[in-house]
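Keep the picture open beside you as you read.

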Amino acid sequence: MVSKKSLQGKHTSQRIFTIGRQLSRCSMLTISIVTFGLLLVLWWGGTTYGLVQPIFIPSPPSVWQRLVVLWDNGTLISDIQVSVYRILTAFIISSIMSIIIGVLAGCFAVGKAIIEPLVDFIRYMPVVAFVPLTILWFGTGDQQKFIIIWIGTFFQQVLMVIDATKRVPADFIGLGRTLGMSESKILFKIVIPSALPAIWDTLRISLGWAWTWLVVAELVAATSGLGYRILLSQRYFQTDTIIGYILILGLLGLITDQLMRLFEKILFRYNVRSK
């Protein structure tokens with residue numbers, strides 16, 4: 001005879017490993033915390049018992065103490081402020097441009113004919129190759145960092161926005177024409193509201209790329225920022241600072257991603273996926 005606990009355990013297992021089945025928020029949070037906790041334990045154990053030399057990977061207490069020192073003397077907060085300013089400025093400019101151009105290219109064939117081949121051509125060019133050119137054109141100030149982040153995100157964003165716009169059901173557009181709506185009204189009242197959830201998801205994904213290109217921009221010809229501090233620490237073998245700043249970058253990326261998810265649920269309540 002099968003016990004009640006056995007049946008409950010089997011039911012829970014089936015629920016977790018069912019394709020498409022969603023977990024509760026409590027379960028998701030618990031699993032996430034346990035995952036990070038296990039990684040921290042492995043890191044702590046590996047460094048405490050000498051499995052990894054501190055010069056390669058310092059212990060968690062060493063990294064924490066180093067970050068506290070950098071916070072107390074103002075270095076850490078200054079680097080965070082500079083990097084956040086750079087990434088937000090470049091990302092907002094890139095996103096606005098990609099939405100406008102991508103929606104127009106996704107709606108009108110002539111726009112697609114002009115934009116898509118050009119973007120496809122440029123997006124395969126390595127962004128790193130533009131670093132010396134942007135330094136030559138704009139110097140080593142914030143403008144050069146903006147351009148690198150923009151190059152790394154815009155050309156990917158615009159293609160994804162075009163695809164999101166093209167996925168608006170043709171029946172929606174046909175309904176608008178049946179109701180006698182003008183092309184501009186169809187664009188602003190049907191196409192854009194229908195495509196915005198997918199466009200927002202595109203922005204959330206591309207924000208991760210922007211963080212990557214921010215570090216690339218700050219690793220070369222910079223005097224401030226998280227990437228600059230990593231490069232400076234590399235010269236003096238300060239691996240505790242390097243690991244600490246990498247963790248800070250991951251934390252900032254996680255925070256911005258979760259904020260984007262939160263705003264998605266607030267802004268697009270009509271979208272089933274955002275619930």
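## Two helices side by side: α4 and α7

Helices α4 and α7 pack at an angle of about 30°, and their axes are 7 Å apart. Since angles under 35 degrees count as roughly parallel, that makes α4 roughly parallel to α7. Before going further, please keep in mind that this is a predicted model.

The crossing of α4 over α7 is right-handed. Which kinds of residue make up the contact of α4 with α7? Sorted by class, there are 18 nonpolar, nine polar and four charged residues.

## A residue at the α7 end of the story: Asp142

Asp142 is part of helix α7. Is Asp142 buried, partly exposed or exposed? Its relative accessibility is 27%, so Asp142 counts as partly exposed.

Leaving out residues up to four places away in sequence, Asp142 touches Tyr85 and Arg86. Now look for Phe263: this residue and Asp142 are 121 residues apart along the chain, and their C-alpha atoms are separated by 28 Å.

Start with Ile80, which sits in helix α4. Its relative accessible area is 15%, so Ile80 is buried, because buried means under 20%. Which residues does Ile80 contact, once neighbours within four places in sequence are set aside? They are Leu226, Ile248 and Leu252.

With neighbours within four places in sequence left aside, Val82 is in contact with Ser224 and Gly225. Val82 and Leu226 are 144 residues apart in sequence, while their C-alpha atoms are 8.1 Å apart in space.

Helix α5 covers residues 109–123, which is 15 residues.

Within α5, the buried residues are Gly111, Glu116 and Val119. Among the elements that cover them are α4 (75–107) and α7 (142–166), the pair that opened this tour.

The same check can be made on helix α11, with its 29 residues. At 1.5 Å a residue, α11 should span 42 Å, and its end C-alpha atoms are 42 Å apart, so expectation and model agree.

Buried residues of α11 include Thr239, Tyr245, Ile248, Leu252 and Met260. Asp257 and Glu264 are also among the buried residues of α11. What covers the buried residues of α11? The cover includes α3 (60–72), α4, α9 and α10 (226–235).

## How α9 meets α11

Helix α9 (residues 183–219) packs with helix α11 (residues 239–267) at an angle of about 165°, with 10 Å between their axes. Angles over 145 degrees count as roughly antiparallel, and that makes α9 roughly antiparallel to α11. The crossing of α9 past α11 is right-handed.

On the α9 side, the residues that meet α11 are Trp200, Leu203, Arg204, Leu207, Trp211 and Val215. On the α11 side, the partners include Leu249, Leu252, Gly253, Thr256, Asp257 and Met260. The residues in this contact of α9 with α11 divide into ten nonpolar, two polar and four charged. As you look along the helices, remember that an α-helix has 3.6 residues a turn, so residues three or four places apart point the same way.

Finish in the loop between α10 and α11, where you will find Phe237. Is Phe237 buried or exposed? Its relative accessibility is 65%, so Phe237 counts as exposed.

Now check its backbone. Most residues other than glycine have a negative phi. Phe237 is not a glycine, and yet its phi is positive, at about 55°.

Technical notes:
Residues numbered from 1 in each chain as written. Predicted model: local features only at pLDDT ≥ 70, side-chain atom pairs only at ≥ 80, totals over all residues. Heavy atoms only, no water. Axes fitted to C-alpha atoms, helices over the stretch in contact; angles between N-to-C directions. Helix = DSSP H or I, 4+ residues; strand = E, 2+ residues; numbered from the N terminus. Parallel < 35°, antiparallel > 145°, perpendicular 65-115°, else oblique. Left-handed = near helix turned anticlockwise from the far one by under 90°. Contact = heavy atoms within 4.5 Å. Nonpolar A, V, L, I, M, F, W, Y, C, P; charged D, E, K, R; others polar. Expected span 1.5 Å × (residues − 1). Buried < 20%, exposed > 50% of the residue type's maximum accessible area, 1.4 Å probe, protein only.
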